[in-house]
Amino acid sequence: MVSPSPSAAASAATSPLRITVLLGGVSAERDVSLSSGLRIAVALREKGHSVTCFDPAEGVLSRETEAALLAAGVGSAPPSLEALAGLAARSLSPSLGTRPEITGADCVFLALHGGQGEDGTIQALLDMVGVPYTGSGHLASALAMDKHLSKVVLRSAGVATANWLMAPADGSALDPDTVGRHLDWPVVVKPSKQGSTVGLSIVREPGELAAAVAEAFRFDDEVMIERFVPGQELTVGILGDAVLPTIEIQPVKELYDYECKYTPGMAREFVAELSAEVQAKLADQARRAFSALKLRGYARIDFRLDPSGQPWCLEANTLPGMTPTSLIPQAAAAAGVLFPDLCERIVQLALASSHHSRPS
């Protein structure tokens, strides 16, 4: 069982904190971020903290707006690129370091997913103004967000990850024969710096490759082609020093896509029944990935387990979702940690990390 440390819990209980939840933003994962952040705000208020919700695209959210967005949920498809472009045009992100909601906070809870919220940009800004924040630092965030670089680092640390190629950066045609020779079919095509399976496709035949690569390039300037690993979809959460129970995902469709992730009933998610040997191997690989990428606080490491029992690391999520269907909250609940306690534990880890990183 994982639980907040007694000292941390006692400190939080006697000292309510001023916490700003950063949510929304202008990435394709905006709706997921809103759902995550609003749930976090509710949970932290239950624990007695003073919480402000701040959307870099819109500013401070009123309680009425919070309630309406919370009721709306995530939806089965991400916002259109046109809608996101309109939000980006008036984004407040460049001025975040001067906003009193940020500079006056005891801690910023990062509930942003994708884009500047997860690529290290916001983390670097918060480092510059000296405000503690949840999750990994700017270097680790940028590294984990870049699937190509993170796979290079993971391999060097002994973490198994499927073979891959990068599509030509200029968008020129990729030779299907080369892909088939190096990776075999099917392959997975995905933006290199996106999450929530936005722009991701499974390609079974050479003739489908060009269209899949073009679709992925709509969401990123780098596209990865990766060997498809058959088997079970698993995820391992890490909270502080603890490895949470492994969760298995069984989507109703072959691909665990955006719709399956955020639409209730589109996927079965449960504590995986694995042999002690496989469970130990997964925990070891997750810890290695967490350490190699210099992650901190909490993270989610995603795997495919092939029929031979070999886990293959897909990616590390430095700001995993906290929506009603998200996996870290489910894993924490399986370990006996209720959602409000999970959120408070993440804040305490952030404050401890901030304290340890300051020069004496």
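Mentor: Start with strand E1 (residues 18-22), which is joined to E4 by four bridges, the two strands running parallel. Helices (H or I, at least four residues) and strands (E, at least two) are DSSP runs, numbered from the N terminus. Keep in mind that this is a predicted model: local features need pLDDT of at least 70 and side-chain atom pairs count only at pLDDT 80 or more, while totals for chains, interfaces and linings use all residues. Residues are numbered from 1 along each chain as its sequence is written, and side-chain values use heavy atoms, with hydrogens and water left out.

H2 covers residues 30-46, and its axis comes within 10 Å of that of helix H3 (residues 63-72), crossing at roughly 120°. H2 and H3 are therefore oblique to each other. On the H2 side, the contact (heavy atoms within 4.5 Å) is made by Leu 34, Leu 38, Arg 39, Val 42 and Arg 45; H3 brings in Arg 63, Glu 66, Leu 69 and Leu 70.

Now for the other sheet. Four strands make up this open sheet too, ordered E5-E8-E6-E7, and here the pairing is antiparallel. Strand E5 (164-166) and strand E7 (201-203) sit at the edges with a single partner strand each, so one side of each has no neighbour in the sheet. From one strand to the next, the twist averages 25°. Strand E6 (residues 187-191) and E7 run antiparallel and are joined by three bridges; for Val 189, the bridge partner in E7 is Ser 201.

Two helices pack on this sheet. Helix H9 (residues 147-156) touches E5, E6 and strand E8 (223-227), its direction making about 145° with that of E5. Helix H10 (residues 176-183) also touches E5, E6 and E8, at about 150° to the direction of E5.

H9 has a charged link to the sheet as well. Glu 226 forms a salt bridge with Lys 151, with 2.6 Å between the closest N and O atoms. Glu 226 is in strand E8 and Lys 151 in helix H9, so the pair ties together parts 75 residues apart in sequence. With the cut-off used here (a Lys or Arg side-chain nitrogen within 4 Å of a carboxyl oxygen of Asp or Glu), the count comes to 13 salt bridges.

Finally, follow H9 to its neighbour, helix H8 (residues 138-145): their axes come within 5 Å and cross at roughly 100°. H8 and H9 are therefore roughly perpendicular to each other (under 35 degrees counts as roughly parallel, over 145 as roughly antiparallel, 65 to 115 as roughly perpendicular, the rest as oblique). Leu 143, Ala 144 and Met 145 of H8 make the contact with Lys 147, Leu 149, Ser 150 and Val 153 of H9.

Technical notes: Axes are lines fitted to C-alpha atoms, for helices over the stretch in contact, and angles run from 0 to 180 degrees between N-to-C directions. Two strands pair if DSSP finds at least two bridges between them.
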